[in-house]
Amino acid sequence: MPTPALKKPALKKPALNKHYLLYGSERYALAILRPIQEAIRARGDETAWFFDGPGAEDLVEGERLLTVAEVRRWNPIAVITSSNHLPHFFPGVKVETFHGFNAGKPRHIYIRGFFDLYCTTGPRDTEQFSALAKKLGHFCVIETGWPKLDPFLKEIAGPLPPVRKPPVILYHSTFSPSWSAAETLYEEVKRLSRDGRWHWIVSFHPKMSPETRAKFKALQNAYLSFAENDNILELFPQVDMMCSDTSSALSEFLLTGKPVVTYKNRAPGPQLIDIDDPSQFEPAIERALSRPPELMQAIKAFGDAIHPYHDGHSSERVLDAIDAFIASGGRNRKSKPLNLWRKLKLRRRIGYWGPA
């Protein structure tokens with residue numbers, strides 16, 4: 001019997017680099033999405049950015065900014081954002097990584113019909129979003145952790161350091177007048193920052209009113225400094241506790257294992273020392289700095305619920321989630337809603353009226 005002729009192996013086409021677009025509408029997108037950019041580049045793939053708000057001016061050498069026409073030609077496999085929306089007319093899987101933890105608002109506000117895939121931060125959000133995905137059918141949910149925390153978690157790895165002598169307190173407030181305690185607690189911060197018992201760092205949300213910002217900035221002395229950092233995570237290793245109100249940043253801070261004192265928080269719990277009168281501010285700080293065991297255990301339980309990942313590799317998990325979604329067919333059970341009004345507003349904002 002003649003030996004069958006051996007077939008020559010087919011020549012493999014060289015693998016093309018994957019393209020990922022990072023989309024921002026606010027400056028804070030840079031701190032959230034840059035760890036993903038680093039993970040993409042580590043895999044040998046390519047990134048580019050598109051901004052339709054503040055942030056583009058802060059891109060550095062090697063970070064590529066595209067126009068709408070360039071994005072469509074570049075044909076990314078995914079558009080990743082921390083915003084609540086993104087241009088529906090861009091190619092690729094639409095991916096939401098969030099711009100903070102829940103600060104008292106219901107998470108369903110993010111369900112606006114723009115996204116194929118939500119990358120949730122931890123079990124609490126995964127449970128809520130998975131229930132919505134089952135009900136609505138037009139998006140997928142995969143738990144990944146939050147990319148913004150990757151560099152920070154690597155930096156703080158190890159046991160919780162002891163309280164400094166003197167202790168350092170971070171005072172941070174959100175910008176919303178109905179949620180902010182900055183004006184209410186101003187006199188207390190002023191008084192407590194002058195006796196040298198504690199050192200203070202003050203940091204505000206970028207949208208804080210200029211008048212309030214100026215008042216606190218004028219308090220600077222040997223015991224109080226005003227921080228201008230865009231990325232508040234840079235301040236966390238420098239302090240022993242935080243004072244706040246209803247800001248999503250306090251959830252990020254709790255992941256350090258350090259205490260937080262809040263004023264009339266919208267969603268108080270055992271992980272916080274919440275007060276409702278300025279006279280309680282000083283004793284609440286004293287309690288926080290003593291680190292009572294029941295408080296420290298509640299902080300740990302809260303952290304495990306919102307973000308149990310301490311390895312600093314959430315960015316890689318986001319990329320794996322995108323790969324898994326594409327490998328499964330890149331489609332959800334139902335089509336996304338038409339969402340015509342929001343899409344029209346986005347087109348007007350960007351100035352693009354071409355095909356989707």
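Here is a short walk through the structure, from one aspartate to its aromatic surroundings and then to a pocket. Keep in mind that this is a predicted model.

Is Asp-52 buried or exposed? Its relative accessible area is 16%, and because buried means under 20%, Asp-52 counts as buried.

Which residues surround Asp-52 there? Leaving aside residues up to four places away in sequence, Asp-52 touches Tyr-23, Gly-24, Ser-25, His-85, Leu-346, Arg-349 and Ile-350. Two of these neighbours deserve a second look. The side chain of Tyr-23 is joined to that of Asp-52 by a polar contact of 2.8 Å. With the side chain of Arg-349, the side chain of Asp-52 makes a polar contact at 3.4 Å.

Now follow Tyr-23 onward, to the aromatic rings. In total, the structure holds 19 aromatic pairs. In one of them, the ring centres of Tyr-23 and Phe-50 are 6.2 Å apart and the ring planes meet at 20°, so this pair is stacked. Why does the pair tie together separate parts of the chain? Tyr-23 belongs to strand 1 (residues 19-24) and Phe-50 to strand 2, so the parts brought together are 27 residues apart in sequence. Both Tyr-23 and Phe-50 are buried.

A second pair, Tyr-118 and Phe-139, is edge-to-face, with 4.9 Å from centre to centre and 70° between the planes. This pair also links distant parts of the chain, 21 residues apart: Tyr-118 sits in strand 5 (residues 117-120), while Phe-139 is in the loop between helix 3 (123-136) and strand 6 (140-143). Both Tyr-118 and Phe-139 are buried.

Tyr-23, Phe-50, Phe-89, Phe-90 and Tyr-352 form one aromatic cluster.

Our last stop is an open space in the model. Rolling a probe the size of a water molecule over the atoms shows where empty space is left. The second largest pocket has a volume of about 260 Å³. Which residues lie nearest the centre of this pocket? They are Ile-156, Ala-157, Gly-158, Pro-159 and Thr-256, out of 13 residues that line the pocket. Sorted by class, the lining of the second largest pocket has eight nonpolar, four polar and one charged residues.

Conventions:
Residues numbered from 1 in each chain as written. Predicted model: local features only at pLDDT ≥ 70, side-chain atom pairs only at ≥ 80, totals over all residues. Heavy atoms only, no water. Buried < 20%, exposed > 50% of the residue type's maximum accessible area, 1.4 Å probe, protein only. Polar contact = N/O pair within 3.5 Å; in protein donor to acceptor, adjacent residues only side chain to side chain. Contact = heavy atoms within 4.5 Å. 1 Å grid on protein atoms, 1.4 Å probe; cavity = no way out; pocket = protein on both sides within 12 Å on 5 of 7 lines; lining within 4 Å. Points joined across faces, edges and corners; volume = space filled by probe spheres on them. Nonpolar A, V, L, I, M, F, W, Y, C, P; charged D, E, K, R; others polar. Phe/Tyr/Trp six-rings, centres within 6.5 Å; stacked < 30°, edge-to-face > 60°. Helix = DSSP H or I, 4+ residues; strand = E, 2+ residues; numbered from the N terminus.
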